[in-house]
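Open the model in your viewer and get ready to select residues as we go. This tour visits pockets and cavities, one stop at a time.

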Amino acid sequence: MVDFALTEEQLALRDLARDFVAREIAPVAAALDANPNPVDCFSWDLVEKLHANGLRNIALNPEYGGAGADPVTLAMLAEELAVGDLGVSVVMAQTWKIGQTIQGGGTPEQLERFLPTLRDNPRGVLSIGITEPDMGSDYIIPHTDPQAGPRLTAVRDGDSWMLNGTKCFISNGGRSALYLIFARTGPEGLPLTQVFTPFLVPAGTPGFTIGRVHDKMGERLCNNAELVFQDCRIPVSNQFGELNRGFDVLRTFFPASNAYAAASVLGVGRAAYEKAVQFTKSRVQGGRPVIEHQAIRVLLAEIKMRLDSTRDYIWHAAWASQYPEQFDLTLASLPKVLAAETAIRATQVAIEVCGGYGLMRAMGLEKLYRDAAMFLISDGTQQALTLKAAQGIHPMSNPAI
């Protein structure tokens, strides 16, 4: 039987995250979000403090400065941080899952070369580079047309690989110390599942530059940026996994990725719900607190139901990601779909029950609504992920139809 009762250690970590949100994130999130230049929305101060309290490295094993946190614990922490700010949660969730991937799939030489540096760098955040200007949902379903997939190429040149092309919308882009970049390495005429290879590319590698930092409507405390590769030469030893087997890397080391994304956006919905409950307890209309009016009570109870049931689904998916016999494409796809819908509904209801005050930026619900909307697209569109789940229920010969 699966038991999601939190251990003493998990409760301590939850309280650590909640205290960090109250002391460090909540006082600065709105001001950072309001910066007109997206570059100025990011905070190294918060990252360094997350390093100091042990949360930045928590997904890594003890020899690399972490605690070897399991997926359920990481999902719990992603939600807690997102109650303070979605962007901060995403910065950490990306770093956790990519760190776990490097730790689990890297060669001994790669582990020795990259992880101690990551461990000791207070600004050591990580990125994964898959999305391109002309390639987004193709890899999620995945599309079988040979023309689908990445345009960024890696060509073997002696004892090096030469990368050329552009990635876009990359979380932590321009901030990461190390990037896991997926490139086309296979011959023409094959589907992208047979031509994808990831590479480890440190920031500052000659030929690798940052393009635009995207000016997003929400999740602004996490920078998303273009990554530009122009004759970027990296050693053969930076190839991650087997040649042309990039999808094996995604299947093997990223099963909990969807659950982490879901947990992050769920935190947005919870923040909106908590604001709504607090406001409706103090706001008096019709001679009594608004929360005592039946119509309001029904709406808040509905959101509480959605938040709690969504969390259960996320934690189940995070737990199952450790056990292949318990895991399937629905659990790899649908938690984020459900969580994004829950967060959108929660922020909408919160605005409604708070009336005119809910529309005022000072209350913070406008920011939460923008943040929630980001995850209708981020980490896979709702439609692409649902089609991926349907493929797990009943495979089609051409799932892209």
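Start with the largest pocket, which holds about 1,200 Å³ of space. A pocket here is an open set of points on a 1 Å grid over the protein atoms alone, with protein on both sides within 12 Å along at least five of seven lines, and lining residues have an atom within 4 Å of a point. Grid points are joined across faces, edges and corners, and a volume is the space filled by probe spheres set on the points. Select I130, Y139, I140, D379 and G380: of the 39 lining residues, these are the closest to the centre of the largest pocket.

This is a predicted model, in which local features need pLDDT of at least 70 and side-chain atom pairs count only at pLDDT 80 or more, while totals for chains, interfaces and linings use all residues. Residues are numbered from 1 along each chain as its sequence is written, and side-chain values use heavy atoms, with hydrogens and water left out.

Now colour α5, β3 (160-171), α7 (246-253), α8 and α13 (382-393), each of which gives the largest pocket at least two lining residues. These labels follow DSSP runs numbered from the N terminus: helices are H or I with at least four residues, strands E with at least two. The lining of the largest pocket has 18 nonpolar, 14 polar and seven charged residues. Here Ala, Val, Leu, Ile, Met, Phe, Trp, Tyr, Cys and Pro count as nonpolar, Asp, Glu, Lys and Arg as charged, and the others, Gly among them, as polar.

Next, select A29, A30, K275, G364 and K367, which lie nearest the centre of the second largest pocket among its 21 lining residues. Its volume is about 480 Å³. Look for α2 (29-34), α4 (71-84), α8 and α12 (365-374), each supplying at least two residues of this lining.

Then turn to the cavities, sets of points where a 1.4 Å probe fits but cannot get out. How many cavities of 30 Å³ or more are there? The count is three.

For the largest cavity, with about 70 Å³ of space, select V90, A93, Q94, K97, S257, Y260, A261, S264, F375 and D379. Both α5 (86-105) and α8 (257-282) supply at least two residues of its lining.

Finish at the second largest cavity, with about 60 Å³, by selecting C41, F42, S43, L46, V47, V88, V91 and L221. Seven of its lining residues are nonpolar, one is polar and none is charged.
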